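Visitor: Could you take me through a structure step by step, giving the general idea behind each feature and then the case at hand?

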Amino acid sequence: MKFGPSYTPLPALNIFLPVDQTNHFFNIGYGWLCKHCSAEDAERQHHHSTGSNAPADRKTNSNLSLASWKDESHRALTCRRCGIEETISGSW
């Protein structure tokens with residue numbers, strides 16, 4: 001489908017896939033992902049994709065930086081990779 005030059009897409013509405021998030025983590029449905037480590041991973045992947053085309057440079061790290069609950073109360077998350085912690089509220 002082609003659109004004319006005056007076509008302006010509407011802003012994306014996040015009504016179909018709500019994302020639960022905190023200041024430092026977001027819930028991806030099967031775990032909480034550290035925003036800081038995932039940003040570093042994306043930057044690293046971008047850096048490697050713009051570099052040489054050697055096979056070693058095309059490998060990506062599929063190990064997501066999933067957080068774990070700090071204790072049994074499930075009121076605080078901690079990133080296993082960078083160690084950042086955050087107390088959260090709500091029922092997760």
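Visitor: Is Trp69 buried, exposed or partly exposed, and how should I read its relative accessibility?

Guide: This is a predicted model, and every value I give is computed from it. Buried means under 20% relative accessible area and exposed means over 50%, so Trp69, at 25% relative accessibility, counts as partly exposed. Trp32, by contrast, is buried, with a relative accessible area of 5%.

Visitor: How many aromatic pairs does a search of the whole structure find, and which residues form an aromatic pair?

Guide: The search finds one aromatic pair, and its members are Trp32 and Trp69, with 6.5 Å from centre to centre and 70° between the planes. Planes over 60 degrees apart count as edge-to-face, and that is the class of this pair. The pair links distant parts of the chain, since Trp32 belongs to strand 2 (residues 32-34) and Trp69 to strand 3 (residues 67-69), 37 residues apart.

Visitor: In what order do the elements of the protein run?

Guide: There are two helices and five strands, and from the N terminus on they follow the order β-β-α-α-β-β-β. Of the contacts with a separation of 6 or more, 39% are between residues 24 or more positions apart.

Visitor: What is the phi of His74, and where is the place of His74?

Guide: Most residues other than glycine have a negative phi. His74, although not a glycine, has a positive phi of about 55°, and its place is in the loop between strand 3 and strand 4 (76-79). At 37% relative accessibility, His74 counts as partly exposed.

Visitor: How much of the protein is made up of buried residues?

Guide: Buried residues make up 20% of the 92 residues, while the accessible surface comes to about 7,500 Å², of which 55% belongs to carbon and sulfur atoms.

Conventions:
Residues numbered from 1 in each chain as written. Predicted model: local features only at pLDDT ≥ 70, side-chain atom pairs only at ≥ 80, totals over all residues. Heavy atoms only, no water. Helix = DSSP H or I, 4+ residues; strand = E, 2+ residues; numbered from the N terminus. Buried < 20%, exposed > 50% of the residue type's maximum accessible area, 1.4 Å probe, protein only. Contact = heavy atoms within 4.5 Å. Areas by Shrake-Rupley, 256 points an atom, 1.4 Å probe, with all protein chains shown as cover. Phe/Tyr/Trp six-rings, centres within 6.5 Å; stacked < 30°, edge-to-face > 60°.
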